[in-house]
Every structure is written in structure tokens, then in C-alpha cells.
Amino acid sequence: MTSRDVTPEQASRGRVIPDRDLAMVAAQWLVDGYDSPLLREMASLTPRQALEGEVRLAEVLAELGHPVRNLGSPYEQDPWRGHWESIWWAVDRMDGTHRPYASAQYVLEIIGDHEDLWEPGGGEALVALLRDWDEEPERRPAVDEQIRAHLRGLREDDVPPLIS
């Protein structure tokens, strides 16, 4: 998805639009049927004016009826987002900079620290796989594959929200 494809709704929920793209995005929103005085002004900005913040995106979004959520942290209302970013990082690095065993250990640290993440993260299964890896060296390639499958099977939607 490019900046041009971002809707005002997505922008109000935190989708980032680089300053250099503000005028283009505003023009696209006008074409898509959105309209307000500040939106028209934003569409007419030069790249330099956009970088200098002459029209603020938050004000345009509020004028369009999509005020930016004011959260202490953008992760507070998204499903296990604060934890998911760390888990995703470990899975993404698996086989690149980390072996499956190390990625599994990292995920276990995260889900082990949060009781409500243990079951959705498959804590028992991960512990069993790491035990198999430690105790049966001849099976390590097969266990590595099982670890990969387990970690790649984790989904953000499977984990409860940080705030209920």
C-alpha cells in the first residue's frame, strides 16, 4: 500500500503519511470525494511547505470527521500489539540472524511473562519442542522444522488485547 492509497480513516488510526506526500494524498482524497477548506489548502502545498508543517494532518483529519486518537501509546488499544511486535521480530529474524531454537526461546520469554499469552502463544508446545531439541540431538533438523512451523503459525489475532 502506498501513501496514495491511505484513506482518512486509516490516517486517523495511525497510518503514517510522509510529509513529502501530504499534498498528493490530499489531492487524492479530494478526487475520492472528501472535502474541507484545510484539505484543499493541504492539496495546494509545495513540498517545502508540507515539510515545514504549514497545514497539520491532524487538523485536516478532524475537519473531515476523523480525529486522530489521542493515546498514551498507539499500542494500548491494538490486540497484543506491544508483545506482537517483539514476537514478529523474532519470527522474522528466524533463519536469518537467529536459529529457530533462539527465536523460540525469545518468544517463550515474552509469553512466559504474560499469563494470558501462554495458551494462545502455544507455550507448552514450545517448551516441549525445545526439550526435544536439547535431549535428542539426532532429531534437531526435524525439531527445527517443527519450531519454524509453530512460530510461523502464530497470529496477532489469536492473542487477547492488552486492555480489555
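This is a predicted model: local features need pLDDT of at least 70, side-chain atom pairs count only at pLDDT 80 or more; totals for chains, interfaces and linings use all residues.
## Overall fold

The protein has 164 residues, of which 34% count as buried.

Leucine 39 belongs to helix H3, which covers residues 37–43. With a relative accessible area of 0%, leucine 39 is buried, because that term applies to any residue under 20%. Along the chain, leucine 39 and leucine 64 are 25 residues apart, while their C-alpha atoms are separated by 8.2 Å.

## Salt bridges

Side chains of opposite charge can pair when their charged atoms come close. The structure holds 9 salt bridges, and a few of them are described here. In one of these, arginine 40 is paired with aspartate 35, and the closest N and O atoms are 2.8 Å apart. Arginine 40 has a relative accessibility of 44% and counts as partly exposed, and aspartate 35, at 47% relative accessibility, also counts as partly exposed.

The salt bridge between the side chains of arginine 20 and aspartate 21 has an N to O distance of 3.9 Å. Are these two partners buried or exposed? Arginine 20 counts as exposed, because its relative accessibility is 60%, whereas aspartate 21 is buried, because its relative accessible area is 15%.

In a further salt bridge, the side chains of aspartate 132 and arginine 139 meet at 4.0 Å, N to O. Aspartate 132 counts as partly exposed at 23% relative accessibility, and arginine 139 counts as partly exposed at 28%. Elsewhere, salt bridges that share partners join Asp95, Glu145, Arg148 and Arg152 into one network.

## A nonpolar patch on the surface

Trp88, Trp89 and Tyr106 form a nonpolar patch on the surface, and together these residues have about 290 Å² of accessible area. One of them, tryptophan 88, is placed in helix H6, which covers residues 81–93. Tryptophan 88 counts as partly exposed, because its relative accessibility is 42%, a value that lies between the limit of 20% for buried residues and the limit of 50% for exposed ones.

## The second largest pocket

The second largest pocket has a volume of about 180 Å³. Which residues line the second largest pocket? Its lining consists of Ala11, Gly14, Arg15, Val16, Ile17, Leu57, Ala58 and Val68. By type, the residues of this lining divide into 6 nonpolar, 1 polar and 1 charged.

Technical notes:
Residues are numbered from 1 along each chain as its sequence is written. Side-chain values use heavy atoms; hydrogens and water are left out. Patches are made of residues with over 30% relative accessible area and no salt bridge: like charges are joined within 9 Å, nonpolar side chains (Val, Leu, Ile, Met, Phe, Trp, Tyr) within 5 Å. Accessible areas come from the Shrake-Rupley method with a 1.4 Å probe; for residues, only the protein chains shown count as cover. Helices (H or I, at least four residues) and strands (E, at least two) are DSSP runs, numbered from the N terminus. Buried means under 20% relative accessible area, exposed over 50%, partly exposed in between (1.4 Å probe, protein chains only). On a 1 Å grid over the protein atoms alone, a cavity is a set of points where a 1.4 Å probe fits but cannot get out, and a pocket is an open set with protein on both sides within 12 Å along at least five of seven lines; lining residues have an atom within 4 Å of a point. Grid points are joined across faces, edges and corners, and a volume is the space filled by probe spheres set on the points. Ala, Val, Leu, Ile, Met, Phe, Trp, Tyr, Cys and Pro count as nonpolar, Asp, Glu, Lys and Arg as charged, and the others, Gly among them, as polar.
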